[in-house]
Amino acid sequence: MRFRRGVALTVAAGAVAAGAAVQAGPAIAADQGMARGVVAITNSVRARAGCGPVTPNARLDHAAWLHSRDMAGRGYFAHGQPGLRVRAAGYRWSAYGENIAWGQRSAGEVMRDWMSSPGHRANILNCRFRNVGVAVVYNARGVPFWTQDFASPR
C-alpha cells in the first residue's frame, strides 16, 4: 500500500508514531495562516465537545515549528521527544500531547484526518490542555509537514 500522507500522535510522555517517510529537501516555507486555521477549527470542535478553548502559545508555536522544519528538511516523519522539545522551548508543562501529519493541503484536511483518528481526536478534545502551538512547514517539493503541540502549564 502506498501512503500519500500520514498522521501520528503523542499522548502524555510516551510516543506513538505512524505513517510513511517522504523524500524531502530543505524546508522552504512556513504557513502561519494555515496554522491559525488549525487553532480555530480545534477550538470550534472543542467547544462542541464542552471543552474550553486552547490559547495559542508562542513557546509551543516555536517547538512545533522547529519540529515541522526538522521533519521537512531532513525527510522523516516521527515524534522524537516532544516533551523535551516543548520544555527546551521554555514551556514548563504538567501535561502535553502532540499530533503530527504530512501531506494534507489545508487546515480543514489535516483536522479532518486528526479527528478521524481516536488518538489524535483524544488530544484535540482533552479538556485538560490549555495551550496549543501549531506549525506547518513545506519541504523543497512543496509537501507540508504539520505539528500540533498541546500542553497545560505546571
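This is a predicted model: local features need pLDDT of at least 70, side-chain atom pairs count only at pLDDT 80 or more; totals for chains, interfaces and linings use all residues.
Residues are numbered from 1 along each chain as its sequence is written, and side-chain values use heavy atoms, with hydrogens and water left out.

Let me start with the overall layout. The chain has 5 helices and 7 strands, where helices (H or I, at least four residues) and strands (E, at least two) are DSSP runs numbered from the N terminus. Read from that end, the order of elements is β-β-β-α-β-α-α-β-α-α-β-β. Of the 154 residues, 49% count as buried, and by buried I mean under 20% relative accessible area, with exposed being over 50% and partly exposed in between, using a 1.4 Å probe and protein chains only. If we take contacts (heavy atoms within 4.5 Å) between residues at least 6 apart in sequence, 76% of them join residues at least 24 apart.

Now to the interior. As a general remark, nonpolar side chains in soluble globular proteins tend to be buried together. Here the largest nonpolar core has 21 residues, a core being a set of buried Ala, Val, Leu, Ile, Met, Phe, Trp, Tyr and Cys residues joined through side-chain atoms within 4.5 Å. The residues with the most contacts inside this core are Val 38, Val 110, Met 111, Trp 114, Ile 124 and Trp 146. At least two core residues come from each of helix H1 (32–48), strand E5 (93–102), helix H4 (107–115), strand E6 (131–138) and strand E7 (144–153).

Two of those contributors, H1 and H4, also pack against each other, at an angle of about 45° and with their axes 9 Å apart; the axes are lines fitted to C-alpha atoms, for helices over the stretch in contact, and the angles run from 0 to 180 degrees between N-to-C directions. H1 and H4 are therefore oblique to each other, given that angles under 35 degrees count as roughly parallel, over 145 as roughly antiparallel, 65 to 115 as roughly perpendicular and the rest as oblique. From H1, the contact is made by Met 34, Gly 37, Val 38, Ile 41, Thr 42 and Val 45, and from H4 by Ala 107, Gly 108, Val 110, Met 111, Trp 114 and Met 115.

How many of the residues of H4 are buried? The count is 7 of its 9 residues, so the helix is mostly covered under the definition I gave, and the buried set includes Glu 109 and Asp 113. Arg 112, which also lies in H4, is by contrast exposed at 52% relative accessibility, and its C-alpha stands 9.8 Å from that of Ile 41, 71 residues apart in sequence.

Let me turn to the disulfide, of which the structure holds 1, defined by a pair of cysteine sulfur atoms within 2.5 Å. The partners are Cys 51 and Cys 127, with their sulfur atoms 1.9 Å apart, and the link is left-handed, with -70° about the S-S bond. The pair links distant parts of the chain, 76 residues apart, with Cys 51 in the loop between H1 and strand E4 (55–56) and Cys 127 in the loop between helix H5 (118–124) and E6. Are these two cysteines buried or exposed? Cys 51 is buried, with a relative accessible area of 8%, whereas Cys 127 is partly exposed at 35%.

Both cysteines are touched by Arg 46, a residue of helix H1 that counts as buried at 0% relative accessibility. Other residues touched by Arg 46 include Pro 53, Ile 124, Asn 126 and Phe 129.

I will end with Asn 139, in the loop between E6 and E7, which is buried at 0% relative accessibility. Its C-alpha is separated by 4.8 Å from that of Ala 72, 67 residues apart along the chain.

How values were computed: Lists of a residue's contacts leave out its neighbours within four places in sequence.
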